[in-house]
Amino acid sequence: MPDDDHGLAAFGSRGFHVLGGRPRGEAFVGFGFQARWAGELGAGLAGPEQRACQDGVGADSLGGEALAQLAGGAAALRGERPQLVRLSVRGLGMANQVELHGWENSRVRTLRYVVADVFTDTPLAGNPVAVFTDARELEPEEMQRLAREMNLSESVFVLPAEADGHARIRIFTPGVELPFAGHPTLGTAFVLGQPMQLVEIRLETGMGVVPVVLEREGARIVFGRMAQPLPSWEPFGEPEALLAALGVERSELPIELYDNGARHVYVALGSEGEVAALRPDFGALSDLPAVLGTNCFTGSRARWKTRMFAPAGGVAEDPATGSAAGPLAVHLARHGRIGFGEEIEISQGAEIGRPSTLYARADGSAEQLERVEVGGSAVTVARGEFRLP
């Protein structure tokens with residue numbers, strides 16, 4: 001089995017099962033491991049299995065005491081009392097010794113996360129998202145503070161399902177919570193979908209359940225395609241102020257506001273050079289009414305280039321914006337630049353050194369929009385944990 005899934009799928013071979021919507025204290029995602037191989041795992045804790053635990057989507061994740069919390073867990077799995085560790089901090093100017101009980105200290109919460117680069121198959125490109133795989137112990141204000149600490153475009157917090165999804169997610173920028181966003185949803189589908197071995201994973205968002213179809217090469221997920229919430233649209237109320245903030249004179253298409261849980265306004269420019277040369281007034285953009293993202297785009301037929309600015313949400317420029325890609329396809333189809341049902345390829349993020357590729361399609365007609373799909377790749381690049389009181 002490939003090792004680039006960080007071992008999340010390895011547990012699945014031991015008997016994976018999903019226990020969505022279970023009470024607190026029971027496993028939400030579990031793997032049905034039995035005592036006879038717990039000793040094997042404790043004796044080895046090497047390679048893929050260990051990393052699966054570390055990601056927090058492994059054995060007993062999202063419920064009970066995660067096996068992954070047992071750093072040096074061999075002793076604990078054999079029923080032995082782990083040794084007390086003493087750390088001298090005199091070198092830091094502190095005279096006392098700190099006693100580290102690790103997992104014995106019930107006042108310390110271990111919050112594990114995985115970072116995935118989304119809308120790319122190349123590490124350190126695309127749009128990164130942090131996925132906290134078990135957020136049941138967090139209050140919303142703590143989620144917001146963690147998102148601010150991560151300082152990525154968005155961070156995701158995974159919770160047990162409440163409806164007919166496999167999991168519920170909450171999405172935060174460094175400044176605000178969003179009912180829906182594209183690259184966090186797709187990134188979470190990659191992170192959770194690897195061990196679950198599902199063809200489709202259903203994620204509950206503030207805009208309803210978003211299904212994501214996952215394509216694999218062998219055991220590795222290589223592409224995902226989500227059916228986004230259908231957007232509404234209306235003329236943007238302050239087009240002159242928007243153009244002035246962008247430093248451009250006109251838009252090639254009507255300036256319209258789309259809302260699919262994230263509110264995006266669209267400005268069509270004449271060339272890729274104009275899009276690349278943009279130097280917006282971020283203060284003026286922040287003062288515009290109730291808009292998450294300002295999207296400036298150009299292109300023709302199947303290939304388009306876009307930049308998205310969201311200073312009011314704490315993100316000056318976004319490397320890849322899945323929630324804007326779907327409405328862009330709708331916007332282009334409504335104004336005759338593409339046909340409904342035609343897929344477009346969108347390039348974004350080059351100006352900030354994070355090139356990204358998104359695919360979008362709008363089905364139906366201008367009178368009756370039926371379906372909006374956005375797809376792309378993602379790659380896991382990091383994992384870590386916070387230890388908080």
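What is the volume of the second largest cavity? The volume of the second largest cavity is about 60 Å³. The model is predicted. A search of the whole structure turns up three cavities of 30 Å³ or more.

**The largest cavity**

- The largest cavity holds about 100 Å³ of space.
- Its lining is made of 18 residues, and those closest to the centre are Glu154, Leu292, Met308, Asp318 and Thr321.
- At least two lining residues come from each of these elements: helix 5 (182-196), strand 17 (303-310), strand 18 (315-318) and helix 9 (322-334).
- Helix 5 contributes the most to this lining, with three residues.
- Sorted by class, the lining of the largest cavity has nine polar, seven nonpolar and two charged residues.

**The second largest cavity**

- The residues that line the second largest cavity are Tyr266, Asn295, Thr306, Met308, Thr321, Ala324, Ala325, Leu328, Ile346 and Gln348.
- Met308 and Thr321 are in this lining, and both are also among the residues closest to the centre of the largest cavity.
- Strand 17, helix 9 and strand 19 (344-348) each give at least two residues to the lining of the second largest cavity.
- Helix 9 has the largest share of this lining, with three residues.
- Strand 17 and helix 9 also each supply at least two residues to the lining of the largest cavity.
- The lining of the second largest cavity has six nonpolar residues, four polar residues and no charged residues.

**Glu142 in helix 4**

- Glu142 belongs to helix 4, which covers residues 140-150.
- The side chains of Glu142 and Arg109 are joined by a polar contact of 2.7 Å.
- When neighbours within four places in sequence are left aside, Glu142 is in contact with Arg109 and Glu137.

**Aromatic rings**

- The structure has a count of eleven aromatic pairs.
- One of these pairs is Tyr258 with Tyr266, at 5.4 Å centre to centre.
- The planes of Tyr258 and Tyr266 are at 90°, and the pair is edge-to-face.
- Both Tyr258 and Tyr266 are buried.
- Tyr266 is also one of the residues that line the second largest cavity.
- One aromatic cluster is formed by Tyr113, Phe132, Phe157, Phe172 and Phe386.

Terms used
Residues are numbered from 1 along each chain as its sequence is written. This is a predicted model: local features need pLDDT of at least 70, side-chain atom pairs count only at pLDDT 80 or more; totals for chains, interfaces and linings use all residues. Side-chain values use heavy atoms; hydrogens and water are left out. On a 1 Å grid over the protein atoms alone, a cavity is a set of points where a 1.4 Å probe fits but cannot get out, and a pocket is an open set with protein on both sides within 12 Å along at least five of seven lines; lining residues have an atom within 4 Å of a point. Grid points are joined across faces, edges and corners, and a volume is the space filled by probe spheres set on the points. Helices (H or I, at least four residues) and strands (E, at least two) are DSSP runs, numbered from the N terminus. Ala, Val, Leu, Ile, Met, Phe, Trp, Tyr, Cys and Pro count as nonpolar, Asp, Glu, Lys and Arg as charged, and the others, Gly among them, as polar. A polar contact is a pair of N or O atoms within 3.5 Å; within protein, one must be able to donate a hydrogen and the other to accept it, and residues adjacent in sequence count only if both atoms are side-chain atoms. Contact means heavy atoms within 4.5 Å. Rings of Phe, Tyr and Trp (its six-membered ring) pair if their centres lie within 6.5 Å; planes under 30 degrees apart count as stacked, over 60 as edge-to-face and the rest as tilted. Buried means under 20% relative accessible area, exposed over 50%, partly exposed in between (1.4 Å probe, protein chains only).
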